[in-house]
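The following exercises are to be worked with the sequence and the coordinates at hand. Each task is followed by a solution in steps.

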Amino acid sequence: MTTQQDRQGNGIAVVVVIVEDGRVLVIRRSKRVAGAGYWSPPAGKVQVGEDQAAAVVREAWEELGLTVRPVRLVWECMADGADYRLYWWLAEPEGGSLRPERAEVAAVQWIRPDEFPALDRTFPKGRLFFEKILPALPEWQGRT
């Protein structure tokens, strides 16, 4: 299936920000995917005919074996070094068992947002999200 595009011809992708108990699930991308070795929340392309919330659910299942409930879209930006518009969605885990798809995911960690900058390889937009966007969200207020 092909990827949806925005009006400027950029691909559209979702970033799945899975939150639980004041922590966020991040992955290290495997050597087989774009951005190999970088830490980020799980993400993936939105397929033609698929809405973003459905893409959030599909990506969490395919990459991690988790069933999630999309909460809401919280931010959008252009990807670092790629012609993709990223739509960042908060999501809550609802079931499944964490079993990373090794073709796409080299490692998984639950982190506090303030721990993200200490990870060894991260994208600039990811750092901006964890440092500025996530802490300002109403859903995040009062979490440690």
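**Exercise 1. Determine how strand 1 is placed in the structure and which strands pair with it.**

Solution. Step 1: nine of the 10 residues of strand 1 are buried, so this strand is largely enclosed by the rest of the structure. Buried means under 20% relative accessible area, exposed over 50%, and partly exposed in between, with a 1.4 Å probe and protein chains only. Strands (E, at least two residues) and helices (H or I, at least four) are DSSP runs numbered from the N terminus.

The model is a predicted one, in which local features need pLDDT of at least 70 and side-chain atom pairs count only at pLDDT 80 or more, while totals for chains, interfaces and linings use all residues. Residues are numbered from 1 along each chain as its sequence is written, and side-chain values use heavy atoms, with hydrogens and water left out.

Step 1: list the partners, given that two strands pair if DSSP finds at least two bridges between them. Strand 1 runs parallel to strand 6, with eight bridges; here Ala13 stands opposite Leu86. Strand 4 (residues 43-45) is antiparallel to strand 1 and joined to it by three bridges, with Gly44 as the bridge partner of Val14. Strand 2 is also antiparallel to strand 1, through two bridges, and Val19 faces Val24 there.

**Exercise 2. Describe the backbone and the exposure of Asp21.**

Solution. Step 1: locate Asp21 in the loop between strand 1 and strand 2. The hairpin of these strands has two residues between them. Step 2: read the backbone angle; phi of Asp21 is near 55°, a positive value in a residue other than glycine. Step 3: Asp21 has a relative accessibility of 67% and therefore counts as exposed.

**Exercise 3. Identify what surrounds Asp6.**

Solution. Step 1: Asp6 belongs to the segment before strand 1. Step 2: its relative accessible area is 14%, so Asp6 is buried. Step 3: leaving out residues up to four places away in sequence, Asp6 touches Ile12 and Arg85, where contact means heavy atoms within 4.5 Å. Step 4: examine the polar atoms. The side chains of Asp6 and Arg85 make a polar contact at 3.4 Å, and a polar atom of the Asp6 side chain lies 3.0 Å from the backbone nitrogen of Gln8. A polar contact is a pair of N or O atoms within 3.5 Å; within protein, one must be able to donate a hydrogen and the other to accept it, and residues adjacent in sequence count only if both atoms are side-chain atoms. Step 5: compare sequence with space; Asp6 and Tyr84 are 78 residues apart in sequence, and their C-alpha atoms are 8.8 Å apart.

**Exercise 4. Which residues of the largest nonpolar core touch the most other members, and which elements give two or more residues to it?**

Solution. Step 1: a nonpolar core is a set of buried Ala, Val, Leu, Ile, Met, Phe, Trp, Tyr and Cys residues joined through side-chain atoms within 4.5 Å. Step 2: among the 24 residues of the largest core, Val17, Trp88, Phe129 and Leu134 touch the most other members. Step 3: the elements that give two or more residues to this core are strand 1 (11-20), strand 2 (23-29), strand 5 (66-78), strand 6 (84-96) and helix 2 (124-136). Step 4: a second, separate core has 17 residues, including Ile18, Leu64, Tyr87 and Val105.
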